[in-house]
Amino acid sequence: MEIDENGKSDTWRKGLQARRKVLGDEYVAKAFRDADDLTADLQEYITEHAWGASWTRPGLDHRSRSLITVAMTIALNRPHELEIHLRGAIRNGLTRDELKELMLHTAVYCGAPAALDAFRVARKVFAELGV
């Protein structure tokens, strides 16, 4: 499935723009390209609601939203999403040290196993990004 902006709402368009800014054009293009008849509607939904209706709201900048999202993906034990959002957090200006502190903080509130898994994912992402 290719990205088709025809007939989409302003919220969807803003969501696509925010998604590309945070996750990168390549990642977003691949997410749409890999979508099939099972997952295409989910890509549309995520773009409109998660990115368009949430990430583009006033009140928090993308850097703050990244910090929150990383913490929540750690708490929910979602390593795949954590990897994606760690990349976005770096793109949004969070530093390795800030993310390290966040992960240490999650050890207290989410438990050591969650923090250990987060550090494993972060080590991989930081190495790939040269952070």
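This is a predicted model: local features need pLDDT of at least 70, side-chain atom pairs count only at pLDDT 80 or more; totals for chains, interfaces and linings use all residues.
Residues are numbered from 1 along each chain as its sequence is written, and side-chain values use heavy atoms, leaving out hydrogens and water.

Let's start with salt bridges, meaning a side-chain nitrogen of Lys or Arg within 4 Å of a carboxyl oxygen of Asp or Glu. The count comes to 9.

Which residue does glutamate 98 pair with? Its partner is arginine 63, with the closest N and O atoms 2.5 Å apart. This pair links distant parts of the chain, from helix α6 (residues 96-109) to helix α4, 35 residues apart. Helices here are DSSP runs (H or I, at least four residues), numbered from the N terminus.

Next, lysine 124 bridges to glutamate 83 at 3.0 Å between the closest N and O atoms. Glutamate 83 counts as buried because its relative accessibility is 19%; buried means under 20% relative accessible area, exposed over 50%, and partly exposed in between (1.4 Å probe, protein chains only).

Finally, the surface: Leu60, Ile68, Met72 and Leu76 form a nonpolar patch with about 360 Å² of accessible area together. Patch members have over 30% relative accessible area and no salt bridge, with nonpolar side chains joined within 5 Å and like charges within 9 Å. Areas come from the Shrake-Rupley method with a 1.4 Å probe. Methionine 72 sits in helix α4 (residues 62-75).

Methods
Helices (H or I, at least four residues) and strands (E, at least two) are DSSP runs, numbered from the N terminus.
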